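Hello,

Here is the structure I promised to pass on. Have a look at it first, and my notes on what turned up follow below.

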Amino acid sequence: MGASANNDDTRWMDVALRLGRRALGTTAENPPVGCVIVKNGLLLGAGWTQPDGRPHAETEAITMAGEAARGATAYVTLEPCAHQGRTGPCAEALVNAAISRVVTAIEDPDPRVSGGGHAILRKAGIEVVTGVGADEAQRDLAGFLTRTTKKRPQVILKLAISTDHKISEGWGKRTAVTGPESWARVHKLRSECDAILVGLATVISDNPELTCRLPGLEDRSPKPFVMSRRGYVTSSSKLGQRGAETLRGNVSEELEKLAARGFNRLLVEGGAKTARSFLDAGVIDEFHLFRSPLVIGPQGVDALAGLSLETALSDFTLLEQETLGTDRLSVYELRQVQSSP
């Protein structure tokens with residue numbers, strides 16, 4: 001961690017992390033960062049990355065704190081930027097605010113930063129502590145980190161299945177597999193992603209909107225995309241009216257294009273063949289599996305187009321579980337491969 005952390009650092013970094021989560025899915029190509037400024041146990045300033053990525057979290061917190069920021073500690077979930085973009089470097093803004101100590105969770109892998117922000121702070125005589133809350137920050141910032149290091153968005157697969165592993169009563173039949181609590185959770189997940197994707201078969205059978213319809217979050221609907229090699233989205237469909245784009249290349253190619261456009265988090269919602277294609281490509285980072293007590297029967301559509309759920313989950317580790325009414329949500333994370341010493 002470099003300089004030593006103290007007993008309060010974890011608590012204040014937790015506040016910064018919670019603020020950063022408010023920005024999930026809204027920051028364009030920039031990371032969803034949280035920042036708090038604290039002195040003598042008092043919160044003086046707080047901020048998170050604003051819509052479309054600017055102003056940055058540090059700028060928001062410094063503005064709130066004003067002159068009181070002098071001699072304070074700033075808690076930032078990601079290393080402050082060191083490069084000149086449409087706004088000045090946040091590391092320099094912290095120096096100019098006379099902050100005396102900066103605690104960060106993780107280093108920014110962006111080549112334009114990558115230790116440079118911490119170097120600016122240390123050169124100015126500011127104490128820098130790193131690694132506080134690193135595990136949580138890695139997950140919260142996974143979209144930006146994945147796009148930066150792997151040149152593709154973070155891919156989150158959402159699947160709702162019956163007890164007998166079906167997603168609908170038959171091809172072309174729209175089926176409510178899960179209950180209202182799961183519906184609300186899916187819409188919250190949509191609000192935290194900047195892109196959402198389904199296959200053309202889902203468009204034809206369900207005519208979905210793929211919007212976030214939670215009260216107060218209606219303006220946080222992700223940009224819709226449809227994966228289809230042959231067909232296209234008609235202007236009369238709900239997605240056509242929303243300006244959905246059709247992706248015709250293979251999965252890896254299209255993800256690379258989405259990353260180049262600044263998309264950090266892609267939610268894949270269906271259907272079976274589309275989910276299978278992303279699993280086969282090995283690009284799913286998180287798997288959100290909603291299990292329902294409903295039994296559909298043998299005539300139903302298999303969840304993963306012939307791939308067993310057990311096989312699909314063999315590459316993942318269970319991260320968390322939650323009961324949602326009569327349903328159960330299990331969140332899985334791609335298992336990290338340990339390199340040989």
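A definition to begin with: helices (H or I, at least four residues) and strands (E, at least two) are DSSP runs, numbered from the N terminus. Please keep in mind that this is a predicted model, in which local features need pLDDT of at least 70, side-chain atom pairs count only at pLDDT 80 or more, and totals for chains, interfaces and linings use all residues. Residues are numbered from 1 along each chain as its sequence is written, and side-chain values use heavy atoms, with hydrogens and water left out.

First, the overall picture. The protein has twelve helices and 15 strands. Its C-alpha trace spans about 70 × 45 × 40 Å along the principal axes. Of the 341 residues, 52% count as buried, where buried means under 20% relative accessible area, exposed over 50%, and partly exposed in between (1.4 Å probe, protein chains only).

If contact means heavy atoms within 4.5 Å, then residues 24 or more positions apart account for 73% of the contacts with a separation of 6 or more. The protein exposes about 15,800 Å², and carbon and sulfur atoms supply 50% of that area; the areas come from the Shrake-Rupley method with a 1.4 Å probe, and for residues only the protein chains shown count as cover. As for charge, there are 40 positive and 41 negative side chains, and the centres of the two sets lie 4 Å apart. Lys and Arg count as positive and Asp and Glu as negative, while His and the chain ends are not counted; the place of a charge is taken as NZ of Lys, CZ of Arg, CG of Asp or CD of Glu.

Next, a strand to look at. Six of the six residues of β4 (residues 101-106) are buried, so this strand is largely enclosed by the rest of the structure. Two strands pair if DSSP finds at least two bridges between them. Strand β3 (residues 73-78) pairs with β4 in the parallel sense over five bridges, and A74 has V102 of β4 as its bridge partner. Strand β5 (residues 127-130) also runs parallel to β4, joined to it by four bridges; here R101 has E127 of β5 as its bridge partner.

Helix α6 (residues 142-150) is mostly covered too, with seven of its nine residues buried. Those buried residues are A142, G143, F144, L145, T146, R147 and T148. What covers them includes β3 and β4, along with α5 (134-140), β6 (154-161), α10 (251-260) and β11. Just after α6, K151 takes a positive phi of about 60°.

That brings me to the backbone. Most residues other than glycine have a negative phi, and most peptide bonds are trans. S114, in the loop between β4 and α4 (116-123), has a positive phi of about 35° although it is not a glycine. S114 is partly exposed, with a relative accessible area of 39%. N207 has a positive phi near 45° and is found in the loop between α8 (200-206) and β9 (223-227); at 27% relative accessibility, N207 counts as partly exposed.

Where are the cis peptide bonds I noted? One runs from R54 to P55, with omega near -5°, and P55 lies in the loop between β2 (42-48) and α2 (57-65). Another joins G270 and G271, with omega about -5°; G271 lies in the loop between β11 (265-270) and α11.

Finally, two arginines. R276 sits in helix α11 (residues 272-280) and is partly exposed at 25% relative accessible area. Leaving aside neighbours within four places in sequence, R276 is in contact with L304, A305, G306 and L307. R242 lies in the loop between α9 (238-241) and β10 (245-247) and, at 28% relative accessibility, counts as partly exposed. With neighbours within four places again left aside, R242 is in contact with E209, L210, T211, S221, P222 and P224.

Best wishes
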